[in-house]
Structures are given as structure tokens and as C-alpha cells.
Amino acid sequence: MGSSLLIKNASQVVTMAGHTEASAKQDVMRELTILENGSILIKDGIIKAVGKQKELEHLYKNDMAEAEVLDATGKTVTPGLIDPHTHLVHAGTRENEYAMRLNGKSYMDIMNAGGGIHATTRATQEADFDQLYDESKQRLDTFFQYGVTTVEAKSGYGLSLEHELKQLEVAAKLDEDHAMDVVSTFMGAHAVPVDERDNPEPFVSRVIEEMIPEVARRKLAHFNDVFCERGVFTPEQSRRILEAGKKYGLIPKIHADEIEPYGGAELAAEIGAISAEHLLKASDKGIQQMAENDVMGVLLPGTAFFLMAEYADARKMIDSGVAVTLSTDANPGSSPTLSLPFIMNLGCLKMGMTPEEVLTATTINAAHAINRADVIGSLEAGKQADVAIFNVPNYLMLSYHYGMNHIGGVIKKGKLLNIKS
């Protein structure tokens with residue numbers, strides 16, 4: 001006899017149904033499928049049915065009789081939230097740089113002086129596997145407390161074959177051990193090592209000729225990402241790195257146009273990337289090309305908030321036909337947060353998105369951004385039973401009561417988790 005769970009009589013079940021085949025765009029991002037006083041029947045970790053309680057009792061009498069019951073009266077139920085852009089595996093913190101920025105230093109000033117990504121690289125290289133595993137596990141535990149059930153995790157704080165593999169192996173072990181699903185991205189091209197900044201080509205060659213083939217051989221990543229930005233990797237270098245990854249089956253992603261317009265959005269469209277990420281300074285041409293080529297926009301308002309920078313123009317992107325997602329960009333330098341609900345608040349309050357759009361952006365569209373929409377991102381029969389239960393009577397309260405953690409329960413693969421800190 002398999003294990004069954006019934007989530008009963010929720011005030012609202014926001015299913016996000018109907019977008020498995022293609023991401024939601026434009027007005028469709030506002031079209032939520034909401035079931036009032038709804039219930040969800042789960043069996044063996046898979047959603048068996050979603051509907052009214054009486055309907056399920058009639059159609060699934062035997063399964064209902066065997067199921068453990070979770071009363072969700074007065075609560076709002078959504079798909080488990082999905083964070084499609086994190087730098088999960090790293091060591092060290094950078095609160096000193098936070099103070100420097102409050103005193104007028106820019107992000108790139110700090111990075112060019114050997115701080116920023118380079119500071120985290122040094123700490124991550126010095127950390128052993130066990131330290132990285134333990135610290136990253138704690139972050140995953142915290143993600144659960146905010147209703148997140150799947151995260152993407154980028155490497156990029158190794159900047160050498162040995163240490164990039166170490167980061168990816170930690171992520172793979174966490175995916176195996178932890179209840180959270182961890183989807184890995186190789187980002188060896190996150191920065192040029194400090195001692196090679198004046199001549200980055202040898203490092204670019206190592207990424208292409210040594211790192212990418214070995215990462216692919218060991219099957220440690222699904223995606224290949226690059227930081228395309230002035231002073232980091234040029235569009236031409238980024239193209240070569242992403243094309244090399246494609247030859248080994250790694251789907252391209254790109255950190256694009258974060259600090260200034262640099263052609264990253266255009267490159268994402270030209271190369272067929274699944275997503276372009278950041279996009280604070282993306283050009284109108286780049287946005288249009290992303291829409292025309294079905295490149296998703298992964299927006300990271302926590303980074304703009306923490307760097308006190310201009311936000312990405314989510315409204316323009318959505319209205320132009322770009323499928324938008326939201327993410328924490330969880331990292332120790334530019335967005336040291338693990339609260340995706342707070343990011344959703346910023347999406348509404350700072351980027352002109354509606355509550356409906358931010359829910360779409362952190363569920364089914366986020367699933368598409370990591371190529372998992374066939375498994376997660378909506379509450380539909382046959383999908384993995386990843387569910388977030390919020391202690392609010394309707395989804396609007398998630399935005400209205402901002403900066404608060406409303407999570408009341410998290411179900412991962414059909415199991416109710418103990419998520420208390």
C-alpha cells in the first residue's frame with residue numbers, strides 16, 4: 001500500500017495549471033487558476049487529483065479513506081516555490097564590502113580591487129568539501145522555511161578545474177542527500193582570476209578546453225553560464241564559452257547587462273540561451289530579440305535592492321513578450337538573502353509586477369527556466385507533489401503583508417517536512 005496525503009479544504013488552491021508545455025507570457029502571466037475551498041490528493045509523492053473535497057471523495061473514495069489528512073482551512077496553497085538562480089555553494093561572507101558600498105564604493109570598484117567575487121573565490125578554494133556541504137545544507141534548510149522546494153545552484157567560485165568540480169560535487173551530493181531538488185549550473189566563467197585580468201585569454205581557453213569537457217564527462221551540470229559584462233567576459237568570449245558548452249550538451253544561460261548595456265540580452269537570443277539573467281540595463285533591442293527567440297528573463301530584484309541600483313524593467317519585458325521569472329540570486333556579495341517571498345514583494349513594489357505575475361514567475365515560469373516544467377511548477381495530476389501552504393486566506397495577502405514569512409507548511413515529493421528552525 002502506497003503512502004497518501006490529502007490536503008483538505010484550502011481557502012485557495014492556486015494551481016498554475018495549463019502552462020506545462022510553454023511558459024506564461026504577457027497577459028497570461030496574470031491568469032491564475034484558483035480553486036476556492038480546494039483539496040489535493042497525493043499518492044506516492046505524485047499529485048493524483050486536485051478539486052473540490054466532495055468531488056474527490058466521490059471519485060477517489062478508497063484513496064481518500066487511506067490518506068493522511070492535512071487540514072488547510074483558511075490557508076492558501078500554491079506549488080512549491082522555485083528559485084532558478086542561486087550561488088548556493090560557497091564559503092565566507094562579505095559584510096565588510098557592504099559597509100564599503102554604504103560609504104560610496106561601487107560593486108565593480110570593490111571587485112577590481114580584488115574583492116567581490118574574488119574574495120568569495122579565495123574563501124571557497126580554501127574550504128574543504130565538508131565545510132561547503134555543511135554550510136550549503138544549512139542554506140537549503142532555510143530555503144525550505146520560505147516555501148522553496150527546488151533551487152538552481154551555480155558554481156563559479158572555484159575558477160580552477162579542481163575547485164569548480166568541488167563546488168559541483170557538493171551540489172550533486174546535496175541533491176542526492178537533501179529533500180530539496182538542486183539543479184546544477186556550471187559557471188566557471190564567473191570572473192577572470194585576479195592574476196590573469198590583464199590577459200584573460202588563457203583562462204577562457206581553460207574554461208573551454210579543460211573545465212567544460214570534464215564537467216560534462218562527470219555529468220555534474222545541466223547548464224553553462226557566463227558573466228558577460230565589461231571588465232569580466234566580453235560578448236565574443238562569452239559566445240565562445242557558451243558555444244563550447246552546447247557541444248557538450250550544456251544548455252546556455254547568461255548573466256547579462258547587469259552593470260551597463262553590453263549586448264548580453266542580444267547574445268542570449270542569438271545563441272539560443274534558455275535564459276538571460278539580471279538584465280538591469282538590457283537594451284530595448286535585446287529585450288525584443290529575447291521575446292522573439294523565446295529566451296526567458298530571470299530577474300533578480302534583491303541584487304538591485306542590495307546594491308542600491310536601478311531595477312530591471314520587468315514591466316517592459318513582460319509587455320514585450322518575454323517570459324519573466326524571479327529569483328533571490330542568493331550569494332554572499334550582491335544578494336545575501338534566502339527569502340524568495342521577499343523577492344516577490346520587491347517584484348510588486350519595485351518592478352511594477354502584479355501579485356499574479358510574481359506567483360507565475362516563481363512557480364511555473366521558474367520551472368521552465370530550469371527545464372523542469374514537466375515535473376514541477378504547477379499543481380496538476382501526474383506532477384511531483386511539491387506544495388507550499390501559506391497561513392493567509394488568499395494569495396493577495398502574500399504581497400500585502402510584505403517582508404513577512406507566511407509559510408505554514410511545505411510538502412516535498414508528497415512528504416510534509418519539519419521546517420522549523
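Helices α9 and α10 cross in a right-handed sense. The model in which they are seen is a predicted one. The axes of α9 and helix α10 (residues 264-271) come within 11 Å and cross at roughly 30°. Angles under 35 degrees count as roughly parallel, and α9 and α10 are therefore roughly parallel to each other. The points below take this helix pair, then the sheet, then two further helix pairs and the annotated domain.

**Helices α9 and α10**

- On the α9 side, the contact is made by P235, S238, R239, L242, E243 and K246.
- On the α10 side, the contact residues are L267, E270 and I271.
- Sorted by class, the contact of α9 with α10 has four nonpolar, one polar and four charged residues.
- Helix α9 spans residues 235-247 and also lies across strands β8, β9 (223-228) and β10 of the sheet. Its direction runs at about 175° to that of β9.

**The sheet**

- Eight strands make up an open sheet, and their order is β6-β7-β8-β9-β10-β11-β12-β13. The pairing in this sheet is parallel.
- Strands β6 (81-83) and β13 (324-326) are the edge strands, each of which pairs on one side only.
- On average, neighbouring strands of the sheet are turned by 25° against each other, with direction ignored.
- Within the sheet, strand β10 (residues 251-256) pairs with strand β11 (residues 275-278) in the parallel sense, over four bridges.
- A256 has H278 of β11 as its bridge partner.
- Helix α6 packs on the sheet and touches β6, β7 (148-154) and β8 (181-189). The direction of α6 makes about 140° with that of β7.

**Helices α6 and α7**

- Helix α6 (residues 129-145) and helix α7 (residues 161-177) have axes that come within 10 Å and cross at roughly 50°.
- This angle makes α6 oblique to α7.
- The crossing of α6 past α7 is right-handed.
- From α6, the contact residues are F129, L132, Y133, S136, K137 and L140. From α7, they are K166, E169, V170, K173, L174 and D177.
- By class, the residues of the contact of α6 with α7 divide into six nonpolar, one polar and five charged.

**Helices α7 and α8**

- Helix α7 also packs with helix α8 (residues 201-217), at an angle of about 30° and with the axes 10 Å apart.
- At that angle, α7 is roughly parallel to α8.
- The crossing of α7 and α8 is right-handed.
- In α7, the residues L161, E164, L165 and L168 take part, meeting E210, M211, E214 and V215 in α8.
- The contact of α7 with α8 holds five nonpolar, no polar and three charged residues.

**Annotated domain**

- UniProt lists residues 76-416 under "domain: Amidohydrolase-related", in an unreviewed entry.
- In the predicted model, the span of residues 76-416 is 44% helix and 17% strand.

Key. Residues are numbered from 1 along each chain as its sequence is written. This is a predicted model: local features need pLDDT of at least 70, side-chain atom pairs count only at pLDDT 80 or more; totals for chains, interfaces and linings use all residues. Side-chain values use heavy atoms; hydrogens and water are left out. UniProt positions are given in the numbering used here, feature names are shortened, and annotations may be inferred rather than shown by experiment. Helices (H or I, at least four residues) and strands (E, at least two) are DSSP runs, numbered from the N terminus. Axes are lines fitted to C-alpha atoms, for helices over the stretch in contact, and angles run from 0 to 180 degrees between N-to-C directions. Angles under 35 degrees count as roughly parallel, over 145 as roughly antiparallel, 65 to 115 as roughly perpendicular and the rest as oblique. A crossing is left-handed if the near helix is turned anticlockwise from the far one by less than a right angle, and right-handed if clockwise. Contact means heavy atoms within 4.5 Å. Ala, Val, Leu, Ile, Met, Phe, Trp, Tyr, Cys and Pro count as nonpolar, Asp, Glu, Lys and Arg as charged, and the others, Gly among them, as polar. Two strands pair if DSSP finds at least two bridges between them.
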